[in-house]
Amino acid sequence: MKKIIGLAIFSIGFTALSMQIVLLRELIGIFYGNELSIGLILGIWLILGSLGTGFFARRINFKKPEEDFAILQVLLGFSFLIGFVLTYAIRFFTKITPGQICNLNILIVYTIFTLLGLCLVNGILFVLAIKIFTDDTKNNTKGIARVYMLESFGAAAGGLIVSFFLIPKFCSLEIVLILVLINFIFALLIFTQKKRIFLGLVNLICIFSCLFLFRYQAKINNLLLNLRWQKEQVLTSQNSVYANITLTQTKDQYNFFYSGLFSYSWPDSLTEEGTTHFALLEHSHPKEILLIGTGPGSIQEVLKYKPQMIDYVELDPLLITLAQKYLPLHEIFKDEHLNLKFLDGYLFVKNTNSKYDVIIMAVSHPFTIELNRFYTKEFFKNIKKILKKDGVFSFGVISSESYIGPELQKYLSCISNTLKSVFEDVIFIPGDQGYFIVSNQKNILTYDYSILLNRLQERNIKTLFVREYYLKDKLNKEKINYSLNRFKENIKNTALNYNFYPRAYWYDLIFWLNQTQNRLAKILNIISPFLIWIIFILYLILVFIFLNNRYKASLLAIGTTGFSVICFQMLVIFCFQVIYGYLFYKLGIILACFMCGLGLGALILAKKECFLENYEKSFIFTQIFLIIFPLIIILASFLIKIKNQFILNLGANFIYPLISLIAGLMAGLEYPLINKIYLEKKHSITDSAGLTYAMDLAGASLGSIFCIIILPVLGLYQVALFLILLNLITLINFYLKKDKI
Amino acid sequence: MIDFFQKQYTRREFLKKSCLLGLGLGISPFLFEIFNKRKVFASEISFKKEALYYKKIDTKTVECQLCPRHCRLTDGQRSFCRAREPKEGKLYSLVYGLCCASHIDPMEKKPLFHFLPGTQVFSIATAGCNFRCKHCQNWQISQFGPEETFNQDLAPQKIVQLTKENRCPSLAYTYTEPSIFYEYMLDTAKLAKLEGIKNMYHSNGSLNPQPLEELSLYLDAANIDLKAFDQDFYSQICAGYLDTVLNTLKTLKRNKVWLEITNLIIPSLNDDFTKIKSMCVWIKENLSDETPLHFSRFWPQYQLRNLAPTPTQTIEKARQIALDVGLKFVYIGNIPGHPAESTYCPHCKKIVINRIGYSILENNLKEKGNCKFCNYPIPGVWS
């Protein structure tokens, strides 16, 4: 019997993490997918999970644990389905305007609504599993460790299989149905073992209805898409390893939504011409051109200049596949001068040996840390290296023609200052979509519209927008001076933007919040490194005063471990993202390795007696490791400086997963150790497991939100220092109070 | 964690801890104060200019009479538009002389196509707005109070002086909703009129009849946003009232202010052609078939950033509907290079003003605004 339950626990770990990945992708698709949103979603997930284990599980009295376990597992399957459908029904329930980006209040409420059932059931199952495995005797830390291990290994397997096998092959609905089926089948196994015929039959019906849904998934998928997009006519909605891409049609216009966010439409000559022609006209003879993520319409514009070579870099091949399939643009993709390159723009710029006359970039504004990499000093330096002597680099930014407010000012002057720290000459063309154009040499760029106009006529280029009538208005001196003065006013207040100190991302975040929740924007505006360190000192004082015995100190340790480990995990993901970019693609491996580490930690405890016997020493040992760990992350971040492809691959496929595994290992070791210390007091095992697990998760959820907020404020190095000090305090506090009972 | 509070403390221990806790908690508000004081804003608001249209309800409460919202306010409460606040029983305009945006724009950008074509117009705005449009283009000033924006101190005299210095024949009150800086606009308009400068305003039309009548005395032209012909749209997307806007249109027409109308078509929100048709019929019946109507293309903005731009075909269809209803001057905005940017003579169908974007390529109007080819009088203010 225990074997089946063990397998069932493994399956729960497997399906729950898989579901987490699938649902996270769906939720990112309906909300604004920046790190703050993702952090909030994960935080809510963890809090609800801790509610399930810490609050509900302790209050429910299970009379027949095995059967209850199976019933709960069926419920878990249903909660997957409900959660999934709810992500599509957001407009139906919240009545938000089509095309409106949800603010964080809606995100929080709706995410709780979506995840509530799933997380509670999952949390209760965890405690129940421990109960089945331990028979509620005091010295059964191994039981806890085994459950922890099985769940973690399941989760690791889930992370890998979903990311690499299920997502590229199946649509989200199919994946969810597979996960639900797995849960139903394990429940059925338990029912048959226990000879519960009625429950087994009910379960069988569930399984068949699930298969029925599977049979008609295409139709259901269409229904769901209509529910989400309502009035939009969806042509196709496909998953690539990077994101979901939805293509809609309104009349003769095609609209691309990347991860649920509008990215561009076709035809749209206004944007396409603005993106390309300003830069191309600023250069006297553009022949070799690099385009980074500009979209197919811009290629068409660049081809008008009859260049010798266009390199077009795009991360996601699916975007181009869809463009080729649906847009009438077959000719441009056949052009012999065009080279399509499907890889991350940052890596291409860093590694290429070609040199260009003009580089045009049109990636989204830095609303995620991944995108922030395209606006950093390091990136601009790499661009400088691949520009020819008289080369020109240009990209668009959100701006405003008539008024630049304090938040927009900070954002734009941060980018402007970063550019100025690298390039000789920087000019700005104002507008609601502004353009920065930079060059390595002085006296190449000009605001004089007659020169640009001459070039346009000499080259005999036909345009709708960038021509005599608009150039004059766009290059209006008064407006240019207005923008430039606004950037200048703020020169002292804004830091430069670096890879590991993403300031532009931070200013963009505040600018965005200003549009949806300006109170929160005001609070974030106050946060500064000084404030964070003051709060830290206050925390320190409180810790030393109030946590005055070994149990409390150990509870704090589990809390800070949860906190630190999630921060480590986020720092690892952050560094990985900065260096490699393709986050969602490899996120599965990193998460899986983390889970593997958790399981491994528990396994070590289960097998190695000495570890548990000297639990106090073991605990201190793991705590010391937590203190060292941030240094390892910083070391690994230096991979960004390396050009060697072999070492880079080694980093992505070995070093980062390994670091993630070690982080998990620490958490996995520490958890049962603390339980042991905590169990010295007369708590029952479910009680203790519930409370410590709840502390762990509460620490983790706090950490996930905290880390996202302080990372752009402090930068990687200060956050690492923060974590080192935090764990040092926990250790010292425990050491001082370990003899107090 | 719960046993924190269950433990019996000795008296000394208890005192020690409470003191420390108090100290810790006591410091934090001061810290927040310190950080809050780092003001990034350029100007302090002041209670200098008393509002023109309001009534006293009792000693403490006043009611603003400027727009249909009729905000009832007591000391310390800010009006819905964020530009007005009472103090000691009097209502004040907080934005008087606090200009947050001043630029020189082409007249075609306002857009006014039948009013001094090809000239430059000096345009000003202050912070605040009595609407909450989710697609606002100027949300950085319209959705904030004057204490949150960068402002310049520009008295009405100074504005008129700048207009003259920059050789602009007209002055525009625009970008945000000008009615919320009514007193500022009125004083400036009076001065401008004395100096021979023409006044125009671009408004959402949400102004009560009485102040509107007074303003009309000084206005030469107006462009009113008729955002949709549908109260639901006004309630859900803009937080405004359709009735008042329609009244404003009629009043302006009656007072012989040159009037043009802008309708921004947003996909899936107000692109219903039957409603567009009834709007056009209303314009024809209540105003005139010679009122220029601009159909403008929506661009993802502010809170509606996740909506794709309006397809050209939708706007072309709307224009065709308006022409079929019998409106004579229907334009398309925000689509550069579109033939419907030009003015066509309703009689001989030839191009009388050929426009691309904000530039005028040719002007085939005689001095008093008659068509060069067939002498048909094109309505408008031409000199």
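I began at A:D316, whose side chain makes a polar contact with the side chain of A:S240 at 2.6 Å. (A polar contact is a pair of N or O atoms within 3.5 Å; within protein, one must be able to donate a hydrogen and the other to accept it, and residues adjacent in sequence count only if both atoms are side-chain atoms.)

The model is predicted: local features need pLDDT of at least 70, side-chain atom pairs count only at pLDDT 80 or more, and totals for chains, interfaces and linings use all residues. Residues are numbered from 1 along each chain as its sequence is written, chains are lettered from A and ligands numbered from 1 in the order in which they are written, and side-chain values use heavy atoms, with hydrogens and water left out.

**A:D316**

I placed A:D316 in the loop between β6 (309–314) and α12 (317–326) of chain A. Helices (H or I, at least four residues) and strands (E, at least two) are DSSP runs, numbered from the N terminus. A:D316 is buried yet has no salt bridge. Buried means under 20% relative accessible area (1.4 Å probe, protein chains only). A salt bridge needs a side-chain nitrogen of Lys or Arg within 4 Å of a carboxyl oxygen of Asp or Glu. The nearest side chain of opposite charge is A:R25, 7.5 Å away. (Lys and Arg count as positive, Asp and Glu as negative; His and the chain ends are not counted.) Leaving out residues up to four places away in sequence, A:D316 touches A:S240, A:Y242, A:A243, A:I245, A:Y258 and A:F342. Contact here means heavy atoms within 4.5 Å.

**A:S416**

Next I looked up A:S416, in helix α17 (residues 406–420) of chain A. A:S416 has a relative accessible area of 1%, so it counts as buried. A:S416 touches A:F436 and A:F487, not counting residues up to four places away in sequence. A:F487 is 71 residues from A:S416 in sequence, but the C-alpha atoms are 7.3 Å apart.

**Chain B against chain A**

I then turned to the interface. In contact are 65 residues of chain B and 67 of chain A. The two chains bury about 5,700 Å² between them, 60% of it on carbon and sulfur atoms. (Buried area is the accessible area, 1.4 Å probe, that two parts lose on being put together, summed over both.) I count three salt bridges between the chains. A:E401 and B:K109 form a salt bridge through their side chains, 2.0 Å from N to O. On the side of chain B that touches chain A, α2(B) gives the most, with nine residues.

Terms used. Buried means under 20% relative accessible area, exposed over 50%, partly exposed in between (1.4 Å probe, protein chains only).
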